[in-house]
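Q: Could you walk me through this model, taking the loops and the helix packing in turn? I would like the cut-offs spelled out as we go.

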Amino acid sequence: MTSSTASRTAASSYRYALLLAMATALFLVLGAGALGVIGDGRADRWYLVVIGVLAIGSVVARFRARAMAVVLLATAVAQVLVPVGVLAAGTSATGSVSVLDVAGLTAMYAGLFALSSWLFHRAGRARPALARRSPA
């Protein structure tokens, strides 16, 4: 793979990862806010923790690809833990919530965050190869 091809691959992976992470976060906010994932609005506010992990982690990572891969993986884990915690604590209106629906939506959002993490990892892995090949 030439350095220009590796550079394009890394840049494309980074852009796709960032776009996917932003779109997933946006759909999570819209879905939890407008439709309600867990039931009532109070329980759905816990999804702001997931957005907080993503926002604070991204700033701390300074949007570097390798660090963003870790941040998105932590975001996927937070995505799984929020509904588990809310349902276990009995905070939601359990009569109006299908656990199967919540599990499906959680798996979808966590999977999208994990896919974004993989794309960031792929972008970060291609960057060091470029540094080794460039003349000093």
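**Loops, core and packing**

A: Arg62 sits in the loop between α3 (47–61) and α4 (65–89), where helices (H or I, at least four residues) and strands (E, at least two) are DSSP runs numbered from the N terminus. This is a predicted model, in which local features need pLDDT of at least 70 and side-chain atom pairs count only at pLDDT 80 or more, whereas totals for chains, interfaces and linings use all residues. Residues are numbered from 1 along each chain as its sequence is written, and side-chain values use heavy atoms, with hydrogens and water left out.

Q: What about the phi of Arg62?
A: Arg62 has a positive phi of about 55 degrees, although it is not a glycine.

Q: And is Arg62 buried or exposed?
A: Arg62 is exposed, with a relative accessible area of 58%; on this scale buried means under 20% relative accessible area, exposed over 50% and partly exposed in between, with a 1.4 Å probe and protein chains only.

Q: Where is Phe63, and what is its phi?
A: Phe63 is in the loop between α3 and α4, and its phi is also positive, near 60 degrees, in a residue other than glycine. Phe63 counts as partly exposed, because its relative accessibility is 41%.

Q: Stepping back, how many helices and strands are in the chain?
A: The chain has five helices and zero strands, so that from the N terminus on its elements run α-α-α-α-α. Buried residues make up 37% of the 136 residues.

Q: What share of the contacts comes from residues 24 or more positions apart?
A: Among contacts with a separation of 6 or more, residues 24 or more positions apart account for 77%, where contact means heavy atoms within 4.5 Å.

Q: OK, helix packing: at what angle do α3 and α4 pack?
A: α3 and α4 pack at an angle of about 170 degrees, with their axes 9 Å apart. The axes are lines fitted to C-alpha atoms, for helices over the stretch in contact, and angles run from 0 to 180 degrees between N-to-C directions. That makes α3 roughly antiparallel to α4, given that angles under 35 degrees count as roughly parallel, over 145 as roughly antiparallel, 65 to 115 as roughly perpendicular and the rest as oblique.

Q: Which residues make that contact?
A: On the α3 side they include Tyr47, Val50, Val53 and Leu54, and on the α4 side they include Met68, Leu72, Thr75 and Val82. By class, the contact of α3 with α4 has 14 nonpolar, four polar and no charged residues, with Ala, Val, Leu, Ile, Met, Phe, Trp, Tyr, Cys and Pro counted as nonpolar, Asp, Glu, Lys and Arg as charged, and the others, Gly among them, as polar.

Q: Which residues touch the most other members of the largest nonpolar core?
A: Of the 28 residues in that core, Tyr47, Val50, Leu72, Phe113 and Phe120 touch the most other members; such a core is a set of buried Ala, Val, Leu, Ile, Met, Phe, Trp, Tyr and Cys residues joined through side-chain atoms within 4.5 Å. The elements giving two or more residues to this core are α1 (3–35), α3, α4 and α5, and its largest share, nine residues, comes from α4.

Q: What does Val50 touch?
A: Not counting residues up to four places away in sequence, Val50 touches Leu28, Thr75, Ala78, Gln79, Val82 and Phe113.

Q: Last one, where does Ile38 lie, and how far is it from Val97?
A: Ile38 lies in the loop between α1 and α2 (41–44) and is buried, with a relative accessible area of 0%. Ile38 and Val97 are 59 residues apart in sequence and 6.2 Å apart in space, C-alpha to C-alpha.
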